[in-house]
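Dear colleague,

Please find below the structure that I am handing over to you.

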Amino acid sequence: MTPEMVRDAKILAVDDEPANVRLLEEILKREGYARIKSIMDPRQVLPQFATFQPDLILLDLMMPHLDGFAVMRQLIPRIPTGAYLPILVLTADSTLAAKQQALSFGAKDFLTKPFDRAEVVLRVKNLLETRYLHLALQDQNQKLDVKVQERTRELEVARLEVLERLALAAEYRDDVTGQHTRRVGAISAILARALGHSDDEIELIRRAAPMHDIGKIGISDAILLKPGKLTPEEFEVMKSHTMIGAKIQSGSVSPLLQMAEVIALTHHEKWDGTGYLGLSGDAIPQEGRIVAVADVFDALTNIRPYKPAFAPEEALRIIRDGSGAHFDPEIVARFLSSADDILDVQRQVQHLSDRHLSLNLSGS
Ligand SMILES: [Fe+2]
């Protein structure tokens, strides 16, 4: 804070005595203060306060129409919470009671009339310096707040990226292209749109759905990559990928990870209650029901260790047949009416993946 900054302050002087006002102006101008507004009618304080936006108010107590206390009563509620706007009371009454009352009304300091030039200058300077320190502190706090928000966002993005990569690592173990998760995200987004969800919700499921099988990271290769049918014991282990996935993503404040946790836990539930946890109908979160359809359809149309890739028509038939048993009938209806878009998006993701692969090969 420089002396120039302090002298650039806007000072509002309120006193019904023209001689007092002139004297104050003269003292302050001699000290280099140039932005002074004087008011002799206290009823003008409020309108002038709003337009002039002073840094300091010099306020007489004994005035006609409105005394200094009434003016303070009007002003104090208009000073923003946490702001430091000093009111310096001018009073001929030097009793302790008058001073205490002025302070209790919100004054920060007082000057006794007749004015002592040096005292006026010092008190004005002190109050203005305090105001500027306060403003600097507020500014600093705001900048820190912004920094904290930025860091929190960066941490959240980094955390999410780690989980997305972990999901991909899990995916690569039983899908060499690593594109199944992305296709499930894209298909789920189409279904969410068809079900009337907002753009934000669609984006959320597009990013959360690819993490549905993140728990496969905890399943051994012998079970995950077994070409034949799993034994009942092996199947129990395989089923635990939903719990593991939910656990990995649990406890986050991020709406995206909260949704990813729900999807990981419930994407193997069946509408008729015969799924992993035995939830049925609307008791299964809708995002879990959406991903159930998207996941099965994409798995059917692509090759897996235990099965060949089915033609899209065959996969669509299986989805249609599962309506009301495996799948939510409403979601199946939306799925079938959006089938062209879904097949399109599958091809797009595949095309991107092939391009990525050929670029990588040609670069190696
Ligand atoms: Fe799964």
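Domain bounds, as used here, come from an automatic or database domain assignment. For this chain the assignment gives domain 1 (3–141) and domain 2 (175–356). The centres of domain 1 and domain 2, taken over C-alpha atoms, are separated by 68 Å.

Two remarks on conventions are needed. The model is a predicted one, in which local features need pLDDT of at least 70 and side-chain atom pairs count only at pLDDT 80 or more, while totals for chains, interfaces and linings use all residues. Residue numbers start from 1 along each chain as its sequence is written.

Overall form

The chain has 16 helices and 5 strands; these are DSSP runs numbered from the N terminus, helices being H or I of at least four residues and strands E of at least two. Its radius of gyration is 36 Å, well over the 21 Å that the globule rule gives for 364 residues, so the chain is more spread out than a compact globule. That radius is taken over C-alpha atoms, and the rule is 2.2 Å times the number of residues to the power 0.38. Along the principal axes, the C-alpha atoms fill a box of roughly 100 × 50 × 40 Å.

Of the 364 residues, 32% count as buried. A residue is buried if 20 or more other C-beta atoms lie within 10 Å of its own, exposed if 12 or fewer, and partly exposed in between, with C-beta atoms placed from the backbone. Among contacts between residues at least 6 apart in sequence, 64% join residues at least 24 apart; a contact requires C-beta atoms, placed from the backbone, within 7 Å.

Backbone details

Most residues other than glycine have a negative phi, and most peptide bonds are trans. The peptide bond from Lys 113 to Pro 114 is cis, with omega near -5°. Pro 114 sits in the loop between strand 5 (109–112) and helix 6 (117–174).

Gln 53, which is not a glycine, has a positive phi of about 50°. This residue belongs to the loop between helix 3 (45–52) and strand 3 (56–60), and Gln 53 is exposed, with 10 other C-beta atoms within 10 Å. His 65, also not a glycine, has a positive phi of about 70°. Its place is the loop between strand 3 and helix 4 (68–75), where His 65 counts as exposed with 11 C-beta neighbours inside 10 Å.

Not counting residues up to four places away in sequence, Ala 107 touches Met 72, Ile 87, Val 89 and Ala 102.

Val 253 lies in the loop between helix 11 and helix 12 and counts as exposed, having 8 C-beta neighbours inside 10 Å. The C-alpha atoms of Val 253 and Glu 156 are separated by 9.5 Å, although these residues are 97 apart along the chain.

A helix pair

Helix 11 (residues 241–248) and helix 12 (residues 255–266) pack at an angle of about 170°, with their axes 7 Å apart. Axes are lines fitted to C-alpha atoms, for helices over the stretch in contact, and angles run from 0 to 180 degrees between N-to-C directions. Thr 242, Gly 245 and Ala 246 of helix 11 make the contact with Glu 261, Ala 264 and Leu 265 of helix 12.

With kind regards

Methods:
Contact = placed C-beta atoms within 7 Å.
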